[in-house]
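Please open the model in your viewer and follow the stops below in order.

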Amino acid sequence: MSGSTHQDPTLGQSPAQAGGQRTARVLVVDDKEIVRTFLCEVLELAGHDVTVVESGEDAIDLCGKELVQVVVTDLRMEPMSGEELIRHLKRQAPATVPVVLTGYGSVERTVELMRLGAFDVLTKPCRATEILATIEKALAHHDALDANQDLRSRLEAQEGKRQQVQEKLAMIGKLAAGVAHELNNPLDATLRCVRMTKDRVGDDAEATEYLDIAHAGLLRMADIVQSLLTFSREAAVEQAPQRLDDLVAEAITGVALALGNEAPRMTQDIQPGVAGVPVPRGLHQVVTNLLRNAADAYDSPGKITVTGRIRGDRLLLAVTDEGSGIPEDVLPRVFEPFFTTKEPGKGTGLGLPISARLVEKFGGSMGIECPAEGGTIVTVSLPASRYGADTVQEVL
Ligand SMILES: Nc1ncnc2c1ncn2[C@@H]1O[C@H](COP(=O)(O)OP(=O)(O)OP(=O)(O)O)[C@@H](O)[C@H]1O
Ligand SMILES: [Mg+2]
C-alpha cells in the first residue's frame with residue numbers, strides 16, 4: 001500500500017480520476033493499524049497516492065524527503081503527538097496541509113487545533129465520503145499555499161535585487177560627488193581664464209573661434225559636474241514655491257531658446273485649478289530634463305505637451321511626445337544612472353535619475369510608459385495635499 005495508487009480494474013482508472021477530481025499525495029499518520037488500513041483503502045480507492053506511517057517522527061522524516069500535499073494525522077500518539085507534528089510541519093513544510101482525525105473532538109479543541117495550523121478536524125468514526133471531501137478541499141488549500149509561497153519567494157528575490165541596485169547607486173553617488181568636487185574649482189578657474197583671454201584677443205577671429213569652442217566645452221563639463229553633484233545629493237535643491245504654470249512656461253522657454261530652430265512645438269495643458277498650485281522651484285530642472293528628452297526623441301521638430309491634473313491625492317504632471325518611443329528592453333533601464341542610448345557627448349544618462357531623485361525629495365515619484373500608438377509619456381506624481389490640494393479642490 002505504501003506509495004501505491006489504486007486503479008479500479010473494471011474502469012481502468014480510479015473513481016477520483018473518472019470524476020475529473022485531482023489526486024493528492026497523502027500521508028496517513030496513526031499508531032493503530034486498523035485506522036491506517038481503513039484510511040489507506042478509502043484514499044487509494046479514490047485514486048490518491050497514499051503512504052502510511054506509525055509515528056510523527058516517521059512523518060517528519062518523510063515530509064523532509066519528498067513533497068506531501070496532505071497529512072492525515074491522529075492526535076494521541078507516542079512519543080510525538082499530533083499537535084507536535086502539526087507544529088513541525090508548519091515550520092518545515094508550510095505548504096503541506098495537516099488534517100486531524102481524532103476520537104476526541106470538541107468545538108474548543110477544533111478551534112485550538114485550527115489555530116495551530118490544522119486545516120480541518122474530523123471526528124472518528126468518520127464516513128469515507130467526508131474524508132474524501134476534506135482531502136479534496138485540503139488539496140485546493142495546498143495549491144493556494146504553494147502559489148503564495150512561490151509569489152513570496154519571487155518578491156523576496158525582487159527585493160534583494162532592488163537593494164543591490166540601491167547600494168550600487170549609493171556607491172556611484174559617492175564616487176561622483178568626490179570627482180565632481182575635485183573638478184569644480186579648477187573648472188571654474190579655467191572658465192574664467194578662457195573668458196578673460198577672449199576679452200583680450202581682440203580681432204583675431206581664429207583665436208576667438210577656438211576660444212568659443214573651448215568655452216562651450218567647458219560649459220558642458222560644468223553642466224555635467226553640476227548634474228553629478230545634484231545626483232549625489234550634494235547640491236541644494238530649490239524648495240521656494242513657484243506657480244506650476246509659470247514654472248512650466250519658463251522651462252518651455254528655456255528649452256526653446258537652447259534648441260533654437262531645432263526646438264519642437266511645446267505647449268502646456270494644465271487644468272485651471274492646478275495652474276496656480278505652488279510647487280518647489282527645483283521642479284524646473286525636472287521639466288527641463290523631460291522636455292529635452294522628448295525633443296531628442298524626434299528626428300525633426302515634433303510636438304510635446306505638458307499636462308497637469310489632480311487625480312485623488314496626486315498632482316500629476318506629464319510630458320508627452322509622439323517621438324521614437326523606447327524599445328521594450330531599454331525601458332526598464334532608463335532610470336539607471338549613466339544609462340544612455342545617445343552618442344558620446346550628446347547624453348550622460350543622468351537626466352532621468354536626477355529627475356527621479358529630485359521628485360523623491362519633493363515627496364513624489366516618477367513613471368515612464370510608451371503607449372502602443374507610439375511616443376512616450378513621463379509622469380511626475382506629487383502628493384497634492386503637500387502643495388495646497390485644499391486650495392486646488394476649492395478651485396475645481
Ligand atoms: N521621451 C523619450 N523618448 C525616447 N527615449 C527616451 C525619452 N526619455 C528618455 N529616453 C531614453 O532614456 C535614456 C536615459 O535618459 P536620461 O535623460 O537619463 O539620459 P540622456 O538623455 O541619455 O542623457 P542626459 O539627460 O544626461 O543628457 C535616453 O538615452 C533615452 O534612450
Ligand atoms: Mg536626458
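**First stop: a histidine**

Select histidine 284, which is partly exposed because 19 other C-beta atoms lie within 10 Å; a residue is called buried if 20 or more other C-beta atoms, placed from the backbone, lie within 10 Å of its own, exposed if 12 or fewer, and partly exposed in between. This is a predicted model, in which local features need pLDDT of at least 70 and side-chain atom pairs count only at pLDDT 80 or more, while totals for chains, interfaces and linings use all residues. Residues are numbered from 1 along each chain as its sequence is written, and chains are lettered from A and ligands numbered from 1 in the order in which they are written.

Histidine 284 belongs to helix α10, residues 283-296 (helices, H or I of at least four residues, and strands, E of at least two, are DSSP runs numbered from the N terminus). Show Leu247, Glu250 and Ala251 as well, since histidine 284 touches them when residues up to four places away in sequence are not counted (contact means C-beta atoms, placed from the backbone, within 7 Å).

**Next: strand β11 and its partners**

Finally, select residues 376-383, strand β13, which pairs with β11 in the antiparallel sense over 8 bridges, with threonine 320 opposite isoleucine 377.

Note on methods. Pairing = 2+ DSSP bridges. Contact = placed C-beta atoms within 7 Å.
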